[in-house]
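User: Hi! Could you walk me through this one? I have a few quick questions.
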Amino acid sequence: MQALPSWLLNRASARGRRLVTEALAQDGMRMSHHAVLSAVADLGPVAQAELGRTTGFDPKDMVGILNDLQAQQLVTRAPDPADRRKNAITLTEEGRRRLARLTRLGDEANESLLSALTPVERELFLELLARVVEAGGQGEGGKGS
């Protein structure tokens with residue numbers, strides 16, 4: 001069983017998730033916080049509903065994540081000027097600084113994850129993983145770092 005690709009991928013995924021989770025925790029954040037900050041940086045200002053669809057988080061979970069981020073003054077949530085029934089989420093300057101730190105921590109965790117591979121092996125490994133993911137379609141997740 002331990003030689004099965006599915007088992008090995010699951011173990012590698014669990015190790016990667018643990019490394020990233022521990023790295024982000026150094027800054028008092030969770031993977032969901034990082035995912036939402038990244039999405040807001042890419043899309044913002046963005047409607048709360050669109051942010052939920054983009055990240056794949058349940059609307060109730062999204063409210064909690066945004067409450068956490070807003071309490072730390074990392075995002076603002078205000079009525080969307082184009083449609084006042086919707087909230088537009090925007091990254092603050094502190095949110096941009098925090099995202100940069102979180103990205104660095106995530107990069108360090110991923111570096112640790114792949115430390116057993118040479119640079120050439122890493123490139124090939126990532127290329128092959130991308131092919132496996134693409135062959136499986138896009139409907140399986142979307143959250144994470």
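User: Nice. Which residues have the most contacts inside the largest nonpolar core?
Analyst: Those are Val-36, Leu-37, Leu-51 and Leu-69, in a core of 26 residues.
User: And which elements give two or more residues to this core?
Analyst: They are α1 (5-25), α2, α4, β3 (83-91) and α5 (93-113). The most comes from α2, which supplies six residues.
User: How do α2 and α4 cross?
Analyst: Helix α2 covers residues 31-43 and helix α4 residues 59-71; their axes come within 10 Å and cross at roughly 85°. The two helices are therefore roughly perpendicular.
User: Which residues make that contact?
Analyst: From α2 there are Ser-32, His-33, Val-36 and Leu-37, and from α4 there are Met-62, Ile-65, Leu-66, Asp-68 and Leu-69. Sorted by class, this contact has six nonpolar, two polar and one charged residues.
User: Switching topic: what average pLDDT does the protein chain have?
Analyst: The average is 91, and 94% of the residues score at least 70.
User: Where does pLDDT stay under 50?
Analyst: That happens over residues 140-145, for which the model has ten contacts beyond four places in sequence. Where pLDDT is low, predicted coordinates should not be read in detail.
User: Great, thanks!

Key. Residues numbered from 1 in each chain as written. Predicted model: local features only at pLDDT ≥ 70, side-chain atom pairs only at ≥ 80, totals over all residues. Heavy atoms only, no water. pLDDT = per-residue confidence, 0-100. Contact = heavy atoms within 4.5 Å. Axes fitted to C-alpha atoms, helices over the stretch in contact; angles between N-to-C directions. Helix = DSSP H or I, 4+ residues; strand = E, 2+ residues; numbered from the N terminus. Parallel < 35°, antiparallel > 145°, perpendicular 65-115°, else oblique. Nonpolar A, V, L, I, M, F, W, Y, C, P; charged D, E, K, R; others polar. Core = buried A, V, L, I, M, F, W, Y, C linked by side-chain atoms within 4.5 Å. Buried < 20%, exposed > 50% of the residue type's maximum accessible area, 1.4 Å probe, protein only.
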